[in-house]
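Trainee: May we go through this protein together? I would like to begin with its aromatic rings.
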Amino acid sequence: MQKSLKTLYCIASSCRSPAKILASAYYRIESGKVALIHTEVPSEFSGQGIASRLAQGTFELLRKTGRKAILKCPFMNRFFAKHPEYADVVDG
């Protein structure tokens, strides 16, 4: 992952100590908005709904903190297309 990107939201296992991060959403700030650049879910967790939980948590966090997102991540774009209820946090 590029050094300029930061983790906005992640999902971690609770059954291991220390917890292992299972998925992450990466962003950078562009024009005062949160540009969602990339999501990462290891292939061994594919098909378990983890990426959707990641997207939902990310959009909920943005809503709760009053921030707007620019969707540059293909997965976040697809998730948003299926979940227009997050239109209040998506810019453009």
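Trainee: Are F75 and F79 buried or exposed?
Mentor: F75 is buried, and F79 is buried as well; buried means under 20% relative accessible area, exposed over 50%, and partly exposed in between, with a 1.4 Å probe and protein chains only. Please note that this is a predicted model, in which local features need pLDDT of at least 70, side-chain atom pairs count only at pLDDT 80 or more, and totals for chains, interfaces and linings use all residues. Residues are numbered from 1 along each chain as its sequence is written, and side-chain values use heavy atoms, with hydrogens and water left out.

Trainee: Why is the pair of F59 and Y86 stacked?
Mentor: The ring centres of F59 and Y86 are 5.1 Å apart and their planes lie at 20 degrees, so this pair is stacked. It links distant parts of the chain, 27 residues apart: F59 is in helix α1 (residues 50-65), and Y86 is in the segment after α2 (74-82). F59 and Y86 are both buried.

Trainee: And why is the pair of F75 and F79 tilted?
Mentor: Their ring centres are 6.5 Å apart and their planes are at 35 degrees, so F75 and F79 form a tilted pair.

Trainee: Which residues do the ring pairs link into a cluster?
Mentor: The cluster consists of F59, F75, F79, F80 and Y86.

Trainee: Changing topic, which residues touch the most other members of the largest nonpolar core?
Mentor: That core has 23 residues, and L36, F59, L62, L71 and M76 touch the most other members. A nonpolar core is a set of buried Ala, Val, Leu, Ile, Met, Phe, Trp, Tyr and Cys residues joined through side-chain atoms within 4.5 Å.

Trainee: Which elements give two or more residues to this core?
Mentor: They are β2 (21-30), β3 (33-40), α1, β4 (69-71) and α2. Helix α1 gives the most, with six residues.

Trainee: Finally, in what order do the elements run?
Mentor: From the N terminus, the order is β-β-β-α-β-α, with two helices and four strands in the protein. Of its 92 residues, 39% are buried.

How values were computed
Rings of Phe, Tyr and Trp (its six-membered ring) pair if their centres lie within 6.5 Å; planes under 30 degrees apart count as stacked, over 60 as edge-to-face and the rest as tilted.
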